[in-house]
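Dear colleague,

Please find below the structure that I am handing over to you.

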Amino acid sequence: MRAFALIAAIVVVAAAVAQKRVLFIGDSITDGNWGNSKYWNQPCSDRDLNDMNHIFGHGYMYLCASKLMAEHPGQYQFFNRGISGNTVQDLAARWQVDAVDVNADVVSILIGINDVMSVGAQNVDVQAFEYTYQTLIDRLKAKNANVKIVLGEPFCTLGSRVDTTGVNARNCKTLALAVKRLAEKNGAAFVPYAQMFEKLCADGSNNYWIWDGVHPTPAGHYKMFQLIYDYIK
């Protein structure tokens with residue numbers, strides 16, 4: 001009887017432990033067609049939140065969620081709120097519903113490449129980017145002072161979507177440095193994706209890791225998963 005009572009007590013305590021809520025938000029790299037989206041920039045509210053076969057999309061976010069949910073049943077709840085094509089301003093426009101209201105314990109943000117691509121050959125407005133990004137962080141902290149924020153370094157490499165003049169790469173580096181500053185300023189974790197891909201592509205194997213200069217291949221997503229995993233768990 002004592003053994004049975006002890007087991008029952010353990011079950012009750014385990015059930016009472018709140019799930020850790022983990023949010024991934026950003027652009028197409030995070031999106032991965034989650035929620036069985038029907039078009040490239042489909043709003044989160046129009047996606048299927050009950051289709052467990054597509055709930056996390058495909059990519060690094062899916063890999064993180066799969067591993068932690070399998071190894072720690074019932075202890076984690078994951079949310080993918082990536083939308084293809086998003087800039088930091090796009091995030092700001094939907095931040096309340098798609099980020100603040102989720103009230104996550106851990107928030108991973110990866111944004112910047114569309115801010116780079118949208119200005120073409122012009123210099124990216126890093127001050128506006130950094131200012132808007134900071135407001136997003138402030139709003140998360142206002143909701144939950146203990147939220148763990150994980151900032152992903154934006155990245156690109158030579159490929160079909162990236163110019164050969166070096167303008168895209170320079171702008172991406174500028175925003176990467178801005179994200180690093182924000183991480184240091186706000187006590188957030190900084191995930192050096194760009195540095196990782198630079199090393200991986202040093203032998204000229206760009207297309208193996210990032211097939212078009214912007215979007216990682218399955219192998220690239222796995223490397224992203226390996227890099228961010230310890231920041232999320």
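The notes below set out what was found, beginning with the basis of the values and the confidence of the model.

This is a predicted model, in which local features need pLDDT of at least 70 and side-chain atom pairs count only at pLDDT 80 or more, while totals for chains, interfaces and linings use all residues. Residues are numbered from 1 along each chain as its sequence is written, and side-chain values use heavy atoms, with hydrogens and water left out.

Confidence is expressed as pLDDT, the predictor's confidence in each residue, from 0 to 100. The mean pLDDT of the protein is 92, and 93% of its residues reach 70 or more. Over residues 3–16, however, pLDDT stays under 50, and the model has zero contacts beyond four places in sequence for them. Contact here means heavy atoms within 4.5 Å.

The sheet

Helices (H or I, at least four residues) and strands (E, at least two) are DSSP runs, numbered from the N terminus. Two strands are taken to pair if DSSP finds at least two bridges between them. On that basis, the model contains an open sheet of five strands in the order 2-1-3-4-5, with parallel pairing. Its edge strands are strand 2 (76–82) and strand 5 (189–191), each of which pairs on one side only. On average, neighbouring strands of this sheet are turned by 15° against each other, direction ignored. For this and the other angles, axes are lines fitted to C-alpha atoms (for helices over the stretch in contact), and angles run from 0 to 180 degrees between N-to-C directions.

Strand 1 (residues 20–26) is joined to strand 3 (residues 106–110) by five bridges, and the two run parallel. Within this pairing, leucine 23 has valine 107 of strand 3 as its bridge partner, and glycine 26 has leucine 110. Strand 1 also pairs with strand 2 in the parallel sense, over seven bridges; there, glycine 26 stands opposite glycine 82. Five of the seven residues of strand 1 are buried, where buried means under 20% relative accessible area, exposed over 50%, and partly exposed in between (1.4 Å probe, protein chains only).

Helix 3 (residues 60–71) lies across strand 1, strand 2 and strand 3, running at about 175° to strand 2. Helix 4 (residues 88–98) packs on the sheet and touches strand 1, strand 2 and strand 3, its direction making about 160° with that of strand 1.

Helix 6 and helix 7

The axes of helix 6 and helix 7 come within 10 Å and cross at roughly 35°. This crossing of helix 6 and helix 7 is right-handed, the near helix being turned clockwise from the far one by less than a right angle. Residues making the contact include Phe129, Glu130, Tyr133 and Ile137 of helix 6, and Leu175, Ala178, Arg181 and Leu182 of helix 7.

Salt bridges

A salt bridge is counted where a side-chain nitrogen of Lys or Arg lies within 4 Å of a carboxyl oxygen of Asp or Glu. By this rule the count comes to six. Three of these are described here.

Glutamate 130 and arginine 181 meet through their side chains in a salt bridge (2.7 Å, N to O). The pair links helix 6 (residues 126–143), which holds glutamate 130, with helix 7 (residues 167–186), which holds arginine 181, across 51 residues of sequence. Arginine 181 counts as partly exposed because its relative accessibility is 39%.

Aspartate 31 and arginine 47 also meet in a salt bridge (2.8 Å, N to O). Aspartate 31 is in helix 2 (residues 28–31), and arginine 47 is in the loop between helix 2 and helix 3, 16 residues apart. Both aspartate 31 and arginine 47 are buried.

In the salt bridge of aspartate 230 with lysine 233, the closest N and O atoms are 3.2 Å apart. Aspartate 230 has 52% relative accessibility and therefore counts as exposed, whereas lysine 233, at 44%, is partly exposed.

Individual residues

Asparagine 114 lies in helix 5 (residues 113–117) and counts as buried because its relative accessibility is 17%. Leaving aside neighbours within four places in sequence, asparagine 114 is in contact with Asp27, Gly85, Asn86 and Thr87.

Glutamate 198, in helix 8 (residues 193–200), has 59% relative accessibility and so counts as exposed. Glutamate 198 and threonine 157 are 41 residues apart in sequence and 7.8 Å apart in space, C-alpha to C-alpha.

Yours sincerely
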